[in-house]
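This briefing covers a predicted model.

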Amino acid sequence: MSADEKVAVITGAASGIGWALAQTFARARYAVCVVDLDAETAKKRAGELNGNHEGYGCDVSDEGQVERTFAAVQTRYGRLDVLVNNAGIVGSQEPSISQDMVYFDRITKVIINGTFLCSRAAFHPMAAQKSGAIVNVGSIAGLTGLPRRNAYGAAKAGVHSLTRSLATEWAQHGIRVNAVAPGYVATPMVQGLVDQGKVDSARLCRRIPMARLGTPEDIADPVLFLASDAARYVTGVTLSVDGGWAAFGDAGN
Ligand code: NAD
């Protein structure tokens with residue numbers, strides 16, 4: 001590792017937005033830890049980045065796995081500069097009245113517990129360095145009301161709240177905590193909903209002022225900004241990255 005190389009842990013990095021994040025941070029000369037439930041793809045992706053990168057299999061909702069993964073990162077690199085809490089699941093999006101509690105619990109556990117457990121594990125190396133940046137991937141579903149996004153929307157609102165809470169508590173340790181709230185992004189997660197007829201992408205594009213779905217790269221670049229020294233006086237914010245979706249109050253004309 002060169003003296004100026006920084007280390008970034010990105011969760012859910014085997015697919016979609018997380019994979020774009022991994023490539024963006026690697027291009028910005030970070031050593032990237034590709035963390036994902038899918039261990040095999042995580043390791044393959046780290047190899048594809050072609051450099052001082054490593055893949056780790058980890059369920060972010062499992063305290064023991066998270067602790068072991070961050071310990072392994074510390075052993076391998078001896079430092080941690082950036083954590084991006086990106087891992088997430090959207091669930092079946094059934095009407096709330098027939099929501100299965102197994103799914104409800106799983107969604108909140110992966111999104112809220114996962115974000116908290118990884119942030120807590122990142123605290124120790126970052127506080128020891130007196131510097132670090134955490135960026136959480138929230139959602140417009142955590143900012144506005146969307147039908148059938150009961151557990152998902154509540155969990156993402158929880159992520160936005162955790163962002164503010166940890167930012168105010170950890171600023172004294174040199175750790176900044178921010179979030180992005182993506183709109184609809186063309187990833188396997190959204191494609192799955194389109195395929196099931198639960199999302200109509202043409203209708204969505206008419207609702208988005210910029211008239212297109214986001215790309216994973218549209219999300220990765222603002223995350224890199226929030227993680228960088230260019231955002232050194234920014235903490236506790238949730239930045240909407242949604243083509244204007246959340247700003248748009250439809251006046252019906
Ligand atoms: P995706 O399904 O393409 O990728 C999610 C990745 O997270 C997968 O590689 C998956 O294996 C991993 N993952 C799932 N559960 C995990 C766990 N318990 N531990 C570790 N890894 C786990 O999804 P995406 O669309 O790229 O979404 C990434 C993030 O962005 C999620 O937090 C999602 O909620 C958020 N988001 C997505 C959109 C969108 O439109 N795609 C919009 C707003 C927010």
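The loop between β4 (82–85) and α4 holds V90.

**Surroundings of V90**
- Apart from neighbours within four places in sequence, V90 is in contact with Y152 and M189.
- V90 and E217 are 127 residues apart along the chain, and a distance of 20 Å separates their C-alpha atoms.

**Ligand shell**
- There are 29 residues around the ligand, of which G12, G16, G88, T187 and M189 come nearest.
- At least two residues of this shell come from each of α1 (16–27), α4 (101–129) and α6 (188–195).
- Sorted by class, the shell around the ligand consists of 15 nonpolar, 11 polar and three charged residues.

**Packing of α3 and α4**
- The axes of helix α3 (residues 63–77) and α4 are 9 Å apart and form an angle of about 30 degrees.
- This angle makes α3 roughly parallel to α4, because angles under 35 degrees count as such.
- The crossing of α3 with α4 is right-handed.
- On α3, the contact is made by E63, V66, E67, F70 and Q74; on α4, the residues are L117, C118, A121, A122 and P125.
- By class, seven nonpolar, one polar and two charged residues make up the contact of α3 with α4.

Definitions and conventions:
Residues numbered from 1 in each chain as written. Predicted model: local features only at pLDDT ≥ 70, side-chain atom pairs only at ≥ 80, totals over all residues. Near = placed C-beta within 6 Å. Helix = DSSP H or I, 4+ residues; strand = E, 2+ residues; numbered from the N terminus. Nonpolar A, V, L, I, M, F, W, Y, C, P; charged D, E, K, R; others polar. Axes fitted to C-alpha atoms, helices over the stretch in contact; angles between N-to-C directions. Parallel < 35°, antiparallel > 145°, perpendicular 65-115°, else oblique. Left-handed = near helix turned anticlockwise from the far one by under 90°. Contact = placed C-beta atoms within 7 Å.
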